[in-house]
Each structure stands twice: as structure tokens, then as C-alpha cells.
Amino acid sequence: RRQRQMCIRDRPITVDGDWGKAVWNDIDPIALDHYMGEKPHHFPGVQAKLAYDDQYIYVIWKVEDQFIKAVAKEHQDPVFQDSCVEFFFSPSASVERGYFNLEMNCGGTMLFKQRNGTDQPFVEIAPEHLDLLNISGSMPKRITKEIKEKNTWYLEYAIPFDMLATYYEMNAPVSGSTWRANFYKCADKTSQPHWLTWSPVDHPTPKFHLPEYFGTLVFE
């Protein structure tokens, strides 16, 4: 199971999708170098960086991709069928208390749900709470004709802790706090589907909803 330190920032990060901006320069990326199912012919280079302050957790993605689609029209549509990156996380050290799954295609359309336990039904994050996420990326909102050429795309977002606390009993993390999490890349309905992970998942077929395989995020 993988572990990653989370860097604290003393001022808010401007969410503009710029991987190269100064605030991210001193933060090492994580890499999604594991996969589920058979090793895919198309294996995108996927990296993510994370940071936090007293109000938000920030995530930025860099995806060296090909065969790119973004068909989903609305939030809570099946964005995992598109060129999609996913952040699954439990805002505590215990995955048994449940977790959030934030799935976002390259155009910034998201599927965001939460469940209070691994045997409980999923609850959709309400539209007014989805609007509280700050999102910026480099790709158009919709790509209905698959981009066959190689293309590196970026996606950045900030998630408010106060919004998460509406669904999960928690406080904003402080130095020493621990969360459980995993990061995924998928593209189920593209011409080159793949299922990549940060923390390895021991399952014979692609399945991301296995929180027992989440890695650990330690807040500095």
C-alpha cells in the first residue's frame, strides 16, 4: 500500500490548470504505474500532485494521453467511460467509515458520490455542492470525436472541506492527519480502454471500489 505526504500551503492556490506554476514546483508527483486487468496497449503517463490549506484539498493532474474522448454532457453522467481521472478518498484513517469517489473526465465533467460504509448505497453529491468545487483544465468540455493523436492534458481542482463535512463527519485536516485514498485513470468506452492505479489493487478484473487497497495520505 502506497503512502504520500501532503504539503501545507499558507495561501490559497489559484486553480487554473497550470502544472508548471510555482506553487507546484516543490511538490513531487505521484505516478499511476499499476494497472488492473491485462496490461493495456495504450498506457498513458499519468501523474498527480496534492496540497492543502485550511479550507481546501487541491489536486492537479498531468496525463500524457492518446485516444481521448469526453462524451458526458452533465455532472453525474458516466464520465468513467470517457478519458477520466479519479480520486477516491476516505477523510480518515478508517475506510470502514466510507469514502468519496470523485471521477472527472478531461473536460471537467464529474461524477461525485459518497457512501457511509462499504456495504451501503452510494449518495450523489448535490448539484449545489458540486458547484463549490473550483475546476480548471486544458481540454474542451466535450470531445465527441476521439482524438487519436498524442496529447498531454491537465486538470486541476480544489475541494472544500466544509462541503465534504456535509456528507461525512470530519474536521479539516491538520499536521499529522491521515486519510486513505487511491488515484485512478480509466477510459472504458474509448478505442483503447485501460484501468490504471496509484496504489496497487489485487483483483482479477478492473474494479476501483475496493477501499481495502487504498493507500495513505499523511498531512504535513
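Begin by selecting the 15 residues that line the largest pocket. This lining divides into 8 nonpolar, 2 polar and 5 charged residues; Ala, Val, Leu, Ile, Met, Phe, Trp, Tyr, Cys and Pro count as nonpolar, Asp, Glu, Lys and Arg as charged, and the others, Gly among them, as polar. A pocket is an open set of points on a 1 Å grid over the protein atoms alone, where a 1.4 Å probe fits, with protein on both sides within 12 Å along at least five of seven lines; lining residues have an atom within 4 Å of a point. The model is predicted: local features need pLDDT of at least 70 and side-chain atom pairs count only at pLDDT 80 or more, while totals for chains, interfaces and linings use all residues. Residues are numbered from 1 along each chain as its sequence is written, and side-chain values use heavy atoms, with hydrogens and water left out.

The largest pocket has a volume of about 200 Å³, that is, the space filled by probe spheres set on grid points joined across faces, edges and corners. Closest to its centre are F80, E86, E103, F208 and H209. Next, colour β7 (84–90), β8 (99–105) and β9 (110–115), the elements that give two or more residues to the lining. Strands are DSSP runs (E, at least two residues), numbered from the N terminus.

Now select W61, F87, F112, I159, L164 and F183, which touch the most other members of the largest nonpolar core, a set of 45 residues. Such a core joins buried Ala, Val, Leu, Ile, Met, Phe, Trp, Tyr and Cys residues through side-chain atoms within 4.5 Å. Buried means under 20% relative accessible area, exposed over 50%, and partly exposed in between (1.4 Å probe, protein chains only). A second, separate core of 14 residues includes M36, Y99, Y184 and C186.

Stay with C186, which is buried at a relative accessible area of 1%. What separates its sulfur from the closest cysteine sulfur? The distance to the sulfur of C84 is 4.3 Å, too far for a bond, because a disulfide requires cysteine sulfur atoms within 2.5 Å. The count of disulfides comes to 0.

Move to A31 in strand β2 (residues 30–31). A31 is partly exposed, at 32% relative accessibility. Leaving aside neighbours within four places in sequence, A31 is in contact (heavy atoms within 4.5 Å) with R2, V46 and W198.

Finish at F67, in the loop between β5 (56–65) and β6 (68–70). Its phi is near 60 degrees, a positive value in a residue other than glycine. Most residues other than glycine have a negative phi.

Note on methods. Helices (H or I, at least four residues) and strands (E, at least two) are DSSP runs, numbered from the N terminus.
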